[in-house]
Amino acid sequence: MNADTRRQIRENAQYLRSVRPLDPEEIHEYVEDRPHPAVVRQVLREEAFDLAIVEREDGTFVPAPEEPLSVPFHGVDSFPTPYARAVEDLLVEEFGPDWHRGDSGDRLREPIRDTKERYLQGASVEYDRLTALGYAIYHLPDYYATAQYLLADLARDGLLPSRLRMLDVGAGVGGPALGLLDLLPEDGLLDYHAVEPSAAADVLEHLLESAPPHVETTIHREQAEQFDPEGPFDLILFGNVLSELDDPEATVRRYLGVLEDDGTMLAIAPADRTTATDLRQTERAVADDGPATVYAPTVRLWPHQRPKGDCWSFDRKPDIDVPDLQRRLDDAGGGTGEFVNTDVQYAYSVLRTDGRTRIEMTPDRGVHAPMADAEEFVTDRVNLLAIKLSPDLSEGGNPLFLIGDGSEATDHFAVRTDASMLNADLVEADYGDLLSIQNGLVLWNDDEAAYNVVVDGETVVDRAR
């Protein structure tokens, strides 16, 4: 098909889209060389994002919705079987049907061990094909679940347009990409761009072969630091990659420059202390003096204040079922559980450049005390506005939660010593919820070099949003 034929199909579609559903059988009549309707349909599919049209079951095309994506979501129980089979296809192609046994199983287990160790040490990881396949077995399921939880939250907040242009920086083997594909409704349009220079891109490319017609995918096999993105993008994602960059602050700042004015940047990190606190440091660096505002979860409630605590903040969701690929690799390696990864816990930061935040509230000093002044009211009872920034950290003792208000000079923890209906919201609130703590007792914890806000029988805790 020549360029002029494509141009005529586009021009007819642009004219007719606001008049009536686009029918390939009709449009082919208006094009000079009368291309077959199937050719017209293929062009419309390829141009759907630019034309803002979606295909219906009857084969016609209509304008895409203008409102944000509507995403029904009820959590993640397991990693979808079709994706697991696609990964196994690669394993069988590489090693044969007994990929999990013998020498090939040993070779796959070794890079998984090495990758975990390097993450704990904060060292970089080199992804050759063997490492990428091992990574897909071990990490793809939980990264898929993590992405679904976070993207569903953004959709609920109305931050994902129905015509979404996304840049996935350090896309790896595709956890976030697959998570988004499964959330995207049939009337949503996605122009997905991945930046991934390693052999993981080969796995990603294979998994994206099943993408539906209303999804366009492009893989840029370049390093994030060298890639020159052509924006603007509605969503830019850094998924578990910031810790591997030489200068994450500079890289994040550069990519913020290609974000739509009302776009969103989402950064995700593993929940371990090193990567989670590194994520928060990068977040603070780009938010202290602009150009970004922290949309969630560590919203700065007090104007002109900056947090300085370590803020080892992470969320935790229910475990997913053990993926069959992991079970087989683990069983063949002795059944110790070393190669089973079903935890869904993660640190994240949502940044925007339009000043919008998930919690739109300015505290009143006449009612609430800022955590920045905690030293002044040690042993006193005070009222606080606080964001819940962790799951229960107590390991069976009194429920303990990291909290913050964006002004804290050091970490604050709320500990419930006396349970009552009046303070139940401390435990029942979700990660990122805003809490009103009335009559909390502030103490200094010398062992942890942090402040404890004691929630006892005299304390009332309410969700404030």
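A residue counts as buried when its relative accessible area is under 20%. In this predicted model, Ser407 has a relative accessibility of 2% and is therefore classed as buried. Ser407 belongs to the loop that links β12 (400-404) and β13 (412-416).

Which residues does Ser407 touch, not counting those up to four places away in sequence? They are Trp302, Gln305, Arg306, Pro307, Pro370, Met371 and Ala372. With Ala372 there is also a polar approach: a polar atom of the Ser407 side chain lies 3.0 Å from the backbone nitrogen of Ala372.

## Strand β3 and its partners

Strand β3 spans residues 163-169, and six of its seven residues are buried, so the strand is largely enclosed by the rest of the structure. Seven bridges pair β3 with strand β4 (residues 189-195) in the parallel sense. Within this pairing, Met166 stands opposite Tyr192 of β4.

## Nonpolar cores

The largest nonpolar core has 84 residues, of which Leu91, Leu190, Tyr192 and Leu266 touch the most other members. Which helix gives the most to this core? Helix α7 (residues 129-156) does, with 17 residues.

Tyr192 can be followed in detail. Apart from neighbours within four places in sequence, Tyr192 is in contact with Met166, Asp168, Ala171, Ala177, Leu204, Leu208, Glu216, Thr217 and Thr218. Among these contacts is Met166, the residue that stands opposite Tyr192 in the strand pairing.

## Helix α3

Helix α3 covers residues 37-46, and its buried residues include Pro37, Val40, Val43 and Leu44. These residues lie on the same side of α3, because the arc they cover around the axis is only 115°.

What do the buried residues of α3 pack against? Their partners are α1 (3-16), α2 (24-27) and α4 (48-51), together with β1 (53-55) and β2 (61-63).

Key
Residues are numbered from 1 along each chain as its sequence is written. This is a predicted model: local features need pLDDT of at least 70, side-chain atom pairs count only at pLDDT 80 or more; totals for chains, interfaces and linings use all residues. Side-chain values use heavy atoms; hydrogens and water are left out. Buried means under 20% relative accessible area, exposed over 50%, partly exposed in between (1.4 Å probe, protein chains only). Helices (H or I, at least four residues) and strands (E, at least two) are DSSP runs, numbered from the N terminus. Two strands pair if DSSP finds at least two bridges between them. A nonpolar core is a set of buried Ala, Val, Leu, Ile, Met, Phe, Trp, Tyr and Cys residues joined through side-chain atoms within 4.5 Å. Contact means heavy atoms within 4.5 Å. A polar contact is a pair of N or O atoms within 3.5 Å; within protein, one must be able to donate a hydrogen and the other to accept it, and residues adjacent in sequence count only if both atoms are side-chain atoms. The arc is that of the directions from the helix axis to the C-beta atoms.
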